[in-house]
Amino acid sequence: MAAKGITTSDKDYQSLFNQEASNVETNLPAYTTLKKDVGLVKSTLANEGRKYEYASTIAHEMGHVMGLNHSPNKQDLMYFESGNNNVYSYKKVKAGLSKYNPITTTDKNRAKLALKIYVAAH
């Protein structure tokens, strides 16, 4: 920066420094590739990841519609704090939502039990 006549005592040193750093960064050969890759991740994988979150939430709420209460098991779809770590798994998100099933064996067994109780009561 000193070669450009800018010193740390200049009033807008930080702004000038940030501008020069940005110029250097954007002129690096790898910058264009990196920017493109980050853009693709934001536009595709991030959107796919959100679908996992939406699918989990919808499935959780459908469990309530079917009469299921919250589960104490953190792995279950019906755990009170719904959400799914699959959204953070690059490999799982890349595999696609069609291969995704948020329902655990415990969830299935609880649903079967709820149906038996309902049928017995009616």
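**Surface, fold and contacts**

Guide: The chain exposes about 9,400 Å², and carbon and sulfur atoms supply 58% of that area. The model is a predicted one.

Visitor: What share of the 122 residues in the chain is buried?

Guide: A residue counts as buried when its relative accessible area is under 20%. In this chain of 122 residues, the share of buried residues is 20%.

Visitor: In what order do the elements of the chain run from the N terminus on?

Guide: The chain has four helices and zero strands. Read from the N terminus on, the order of the elements is α-α-α-α.

Visitor: Among contacts with a separation of 6 or more, what percentage joins residues 24 or more positions apart?

Guide: The contacts considered are those in the chain with a separation of 6 or more. Residues 24 or more positions apart account for a share of 54%.

Visitor: Which residues make the nonpolar surface patch of about 460 Å²?

Guide: One member, Ile58, is found in helix α2, which spans residues 29-65. Ile58 counts as exposed because its relative accessibility is 55%, and the cut-off for exposed is over 50%. The nonpolar patch of about 460 Å² is made by Tyr54, Ile58, Met62 and Val65.

Visitor: How many aromatic pairs does the count give?

Guide: Rings are paired if their centres lie within 6.5 Å. By this rule the count comes to two.

Visitor: What is the angle between the planes of Tyr13 and Phe17?

Guide: The rings of Tyr13 and Phe17 are 6.0 Å apart, centre to centre, and form a tilted pair. Both residues lie in helix α1 (residues 13-26), four residues apart, about one turn of the helix. Phe17 counts as partly exposed because its relative accessibility is 34%. The angle between the planes of Tyr13 and Phe17 is 35°.

Visitor: Is the pair of Tyr79 and Phe80 stacked, edge-to-face or tilted?

Guide: The ring centres of Tyr79 and Phe80 are 4.7 Å apart, with 50° between the planes. Planes under 30 degrees apart would count as stacked and over 60 as edge-to-face, so the class that remains is tilted. The pair of Tyr79 and Phe80 is therefore tilted.

Visitor: Why does Tyr79 count as buried?

Guide: The cut-off for buried is under 20% relative accessible area. Tyr79 counts as buried because its relative accessibility is 13%.

Visitor: With which side chain does the side chain of Ser71 make a polar contact?

Guide: Ser71 lies in the loop between α2 and α3, and it counts as buried because its relative accessibility is 5%. Leaving aside residues up to four places away in sequence, Ser71 touches Asp76, Met78, Tyr79, Phe80 and Arg110. The polar contact of the Ser71 side chain, at 2.6 Å, is with the side chain of Asp76.

Visitor: How far apart in space are Ile103 and Asp76, C-alpha to C-alpha?

Guide: Ile103 lies in the loop between α3 (90-95) and α4 (105-121), and it counts as partly exposed because its relative accessibility is 38%. Not counting residues up to four places away in sequence, Ile103 touches Leu77 and Lys108. Ile103 and Asp76 are 27 residues apart in sequence, and their C-alpha to C-alpha distance is 6.9 Å.

Visitor: How far apart in space are Pro102 and Leu77, C-alpha to C-alpha?

Guide: Pro102 is placed in the loop between α3 and α4. Pro102 is buried because its relative accessible area is 15%. In sequence Pro102 and Leu77 are 25 residues apart, and in space, C-alpha to C-alpha, they are separated by 6.1 Å.

Visitor: How far apart in space are Ala111 and Met66, C-alpha to C-alpha?

Guide: Ala111 lies in helix α4, and it counts as partly exposed because its relative accessibility is 22%. Ala111 and Met66 are 45 residues apart in sequence, and their C-alpha to C-alpha distance is 8.0 Å.

Key
Residues numbered from 1 in each chain as written. Predicted model: local features only at pLDDT ≥ 70, side-chain atom pairs only at ≥ 80, totals over all residues. Heavy atoms only, no water. Patch = residues over 30% accessible without salt bridge, like charges linked within 9 Å, V, L, I, M, F, W, Y side chains within 5 Å. Areas by Shrake-Rupley, 256 points an atom, 1.4 Å probe, with all protein chains shown as cover. Salt bridge = Lys/Arg side-chain N within 4 Å of Asp/Glu carboxyl O. Helix = DSSP H or I, 4+ residues; strand = E, 2+ residues; numbered from the N terminus. Buried < 20%, exposed > 50% of the residue type's maximum accessible area, 1.4 Å probe, protein only. Contact = heavy atoms within 4.5 Å. Polar contact = N/O pair within 3.5 Å; in protein donor to acceptor, adjacent residues only side chain to side chain.
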